[in-house]
Amino acid sequence: MTKSKFDAIVIGAGMSGNAAAYSMARRGLKVLQLERGEHSGSKNVQGAILYANMLEAIIPNFRDDAPLERHLVEQRFWLMDDSSHTGVHYRSDDFNELKPNRYTIIRAQFDKWFSSKVREAGGTVLCETTATKLARDRSGSVIGVYTDREGGVILADVVVLAEGVNGLLGTRAGLRDMPKPENVALAVKEMHFMPEEVIAERFGLTGGEGCVIEAGGTISRGMAGLGFLYTNKESISVGIGCLVSGLAESMENPYRLLDAFKQHPSIRPLLAGSEIKEYAAHLIPEGGFKAIPQLFGNGWVVVGDAAQLNNAVHREGSNLAMTSGLMAGEAIFQIKSRGGLMTKHNLSLYKGMLDKSFVMKDLMKHKDLPSLLHTDSHNFLMTYPTLISQAAQNFVRVDGAPKINREKATAASFINARSRWGLISDAVRSAVSWR
């Protein structure tokens, strides 16, 4: 292995790493992919949402054999206080299309399938192998990696860092800084198993239809955070994520937050009678456009979560990861095909591709929103959910008391919140500027 030189080494076998490795291997490049787990996805037990359009650009016929759970026809957004939720639902039969737009997946199964496609395309996938250090030449250019296996350095023209948000290879080499606590969320998740027909009945689903619930409010105890629930064929993925900075400051236990979320009156009936079989914790990049590090250099590029490519506003991650991996692979292939070297100048082609894509355009559009929500999370997630619930209950409760009194009290509470934090007008102005 050490005597061979590869066109590219890909570190990591998640969404972005598999996309990069596959896109290069299918073009005939000599690709080595390193994965520290027993197999791709072995450290990724949680459920997730797959965006079909991005995977279709990589593997057009993926629906033939990919381990897909349910295609999504309904999205629910809930704003929760301690005893209620105010919700907005969107459901459309348009999503029961021949080629559905979104699916729920179980990452352990999906990542393993994706990795098998890399092998079929001609890539070499080496699992249970940790890249410990980047190898450099005298000029400082990256020329390969060292691993925890015997044999010395493995050489390559370029190294693709797809090691996740907390990957150490790039940070140890000084290619990027360790992510700041305010730019990373810790999500804790469980898999609750129950019969397929029970899930269908509880969520009003038929056939392979699926539903997603995303919830904010008092469930995160004033921290910037979100609860979620995804329907799979015979399981429900449920979890909650909060910024690491908020967890550190508040000393809240994430496991307790998850337990409280599961016991919420709006969530508990959906999970009743289920069997918990899997549990996981996962770091998610949340810093947005302003947290993106340098994406390329002499002999290296960084993709996916390691590059902070996550759209926190729309809760999109896998599509950005796959697209960045695909574009990195395409850029490397183009450079190789014209006989170019993997210099910083040449690899800037990858950044140029990203800039022209939805990835950077969407992140740039919402570049100020993450900091706004993170800074004022207590107001958005504690004060307003409670006031909205109070207003809704005043509207529907009938007990003989004059409605006008309750309405005045609710209005006074909203005005008080506005005067204390001054966020309503600021949020409106910001919303206008985002558009």
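**View 1. No salt bridges join domain 2 and domain 3.** Across the interface of domain 2 and domain 3 in this predicted model, the count of salt bridges (a side-chain nitrogen of Lys or Arg within 4 Å of a carboxyl oxygen of Asp or Glu) is zero. The domain assignment, automatic or from a database, puts domain 2 at 182-285 and domain 3 at 369-434. Eleven residues from domain 2 and seven residues from domain 3 make up the contact (heavy atoms within 4.5 Å). The two bury about 600 Å² between them, 72% of it on carbon and sulfur atoms; buried area here is the accessible area (1.4 Å probe) lost on putting two parts together, summed over both.

**View 2. Val-160 sits in strand β10.** The strand covers residues 154-161 and, like the helices, is a DSSP run numbered from the N terminus (strands E, at least two residues; helices H or I, at least four). Why does Val-160 count as buried? Because its relative accessibility is 0%, and buried means under 20% relative accessible area (1.4 Å probe, protein chains only). Leaving out residues up to four places away in sequence, Val-160 touches Ile-9, Val-10, Ile-11, Ala-20, Met-24, Val-301, Val-303 and Ile-332.

**View 3. Helix α3 spans residues 107-120.** Its buried residues include Phe-110, Trp-113, Phe-114 and Val-118.

**Notes.** Residues are numbered from 1 along each chain as its sequence is written. Local features need pLDDT of at least 70 and side-chain atom pairs pLDDT 80 or more, while totals for chains, interfaces and linings use all residues, and side-chain values use heavy atoms, without hydrogens or water.

Notes. Buried means under 20% relative accessible area, exposed over 50%, partly exposed in between (1.4 Å probe, protein chains only). The expected span of a helix is 1.5 Å times one less than its number of residues.
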